[in-house]
Amino acid sequence: MDEEIEHMDEVDVHPEVHVATEPDEQEVLERLYGPPGPDGIFRGPPAYGEGWTR
(Lines give C-alpha, C1' and ligand atoms only; values in the text may rest on other atoms or scores of the structure.)
Protein backbone atom coordinates (compact mmCIF):
# COMPACT_ATOMS: atom_id res chain seq x y z
CA MET A 1 0.00 0.00 0.00
CA ASP A 2 1.19 3.50 -0.79
CA GLU A 3 2.75 5.21 2.23
CA GLU A 4 0.65 8.38 1.77
CA ILE A 5 -2.59 6.39 1.81
CA GLU A 6 -1.56 4.74 5.07
CA HIS A 7 -1.52 8.19 6.73
CA MET A 8 -4.73 9.68 5.28
CA ASP A 9 -6.59 9.18 8.56
CA GLU A 10 -4.08 11.53 10.23
CA VAL A 11 -4.73 14.49 7.89
CA ASP A 12 -6.88 17.42 9.01
CA VAL A 13 -8.16 15.66 12.10
CA HIS A 14 -8.08 18.71 14.36
CA PRO A 15 -11.62 20.10 14.81
CA GLU A 16 -10.46 23.68 14.17
CA VAL A 17 -8.32 22.92 11.10
CA HIS A 18 -10.21 25.62 9.14
CA VAL A 19 -9.41 28.42 11.62
CA ALA A 20 -6.75 30.94 10.53
CA THR A 21 -3.41 30.56 12.32
CA GLU A 22 -1.75 33.79 11.16
CA PRO A 23 -3.12 37.31 11.79
CA ASP A 24 -3.63 38.14 8.09
CA GLU A 25 -4.54 34.64 6.87
CA GLN A 26 -8.29 35.31 6.86
CA GLU A 27 -7.77 38.51 4.85
CA VAL A 28 -5.46 36.82 2.32
CA LEU A 29 -7.80 33.87 1.83
CA GLU A 30 -10.80 36.16 1.30
CA ARG A 31 -8.83 38.22 -1.21
CA LEU A 32 -7.88 35.07 -3.14
CA TYR A 33 -11.09 33.04 -2.90
CA GLY A 34 -13.84 35.34 -1.69
CA PRO A 35 -15.76 34.81 1.55
CA PRO A 36 -15.92 31.34 3.09
CA GLY A 37 -19.04 29.23 2.76
CA PRO A 38 -21.45 28.55 5.63
CA ASP A 39 -19.13 25.75 6.79
CA GLY A 40 -16.13 28.12 6.97
CA ILE A 41 -14.33 26.61 3.96
CA PHE A 42 -12.89 28.82 1.19
CA ARG A 43 -13.85 27.25 -2.12
CA GLY A 44 -13.42 30.12 -4.56
CA PRO A 45 -15.21 30.49 -7.88
CA PRO A 46 -16.14 27.47 -10.01
CA ALA A 47 -13.19 25.99 -11.92
CA TYR A 48 -15.01 26.17 -15.26
CA GLY A 49 -15.72 29.10 -17.55
CA GLU A 50 -18.97 30.70 -18.62
CA GLY A 51 -20.98 28.36 -20.83
CA TRP A 52 -19.01 25.28 -19.76
CA THR A 53 -20.72 22.34 -18.16
CA ARG A 54 -19.40 19.63 -15.95
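How many helices and how many strands does the chain have? In this predicted model, the chain contains two helices and zero strands. Of its 54 residues, buried ones make up 6%, and the accessible surface of the chain amounts to about 5,200 Å², with 54% of that area belonging to carbon and sulfur atoms.

Together with M8 and V11, I5 makes a nonpolar surface patch of about 300 Å². Helix α1 is also the place of E6, and this residue takes part in another kind of surface feature, a patch of negative charge in which D2, E3, E4 and E6 gather. With a relative accessible area of 43%, E6 is classed as partly exposed, because that value falls between the 20% limit for buried residues and the 50% limit for exposed ones.

Helix α2 comes next in this account, and with it the matter of charged pairs. The structure holds two salt bridges, and one of them joins E27 to R31, with the closest N and O atoms 3.4 Å apart. Why are E27 and R31 separated by about one helical turn? The two residues are four residues apart in helix α2, which spans residues 25-33, and so about one turn of the helix separates them. Both E27 and R31 are exposed.

A salt bridge is also formed by the side chains of D39 and R43, where the N to O distance is 3.0 Å.

The last stop is G34, which is found in the segment after α2. Is G34 buried or exposed? Its relative accessible area is 19%, and G34 is therefore buried, since the class of buried residues takes in values under 20%. When its neighbours within four places in sequence are left aside, G34 is in contact with L29 and F42. There is also a spatial relation between G34 and P45, whose C-alpha atoms are separated by 8.0 Å although the two residues stand 11 residues apart along the chain.

Notes. Residues numbered from 1 in each chain as written. Predicted model: local features only at pLDDT ≥ 70, side-chain atom pairs only at ≥ 80, totals over all residues. Heavy atoms only, no water. Buried < 20%, exposed > 50% of the residue type's maximum accessible area, 1.4 Å probe, protein only. Areas by Shrake-Rupley, 256 points an atom, 1.4 Å probe, with all protein chains shown as cover. Salt bridge = Lys/Arg side-chain N within 4 Å of Asp/Glu carboxyl O. Patch = residues over 30% accessible without salt bridge, like charges linked within 9 Å, V, L, I, M, F, W, Y side chains within 5 Å. Lys, Arg positive; Asp, Glu negative; His and termini not counted. Charge placed at Lys NZ, Arg CZ, Asp CG, Glu CD. Contact = heavy atoms within 4.5 Å.
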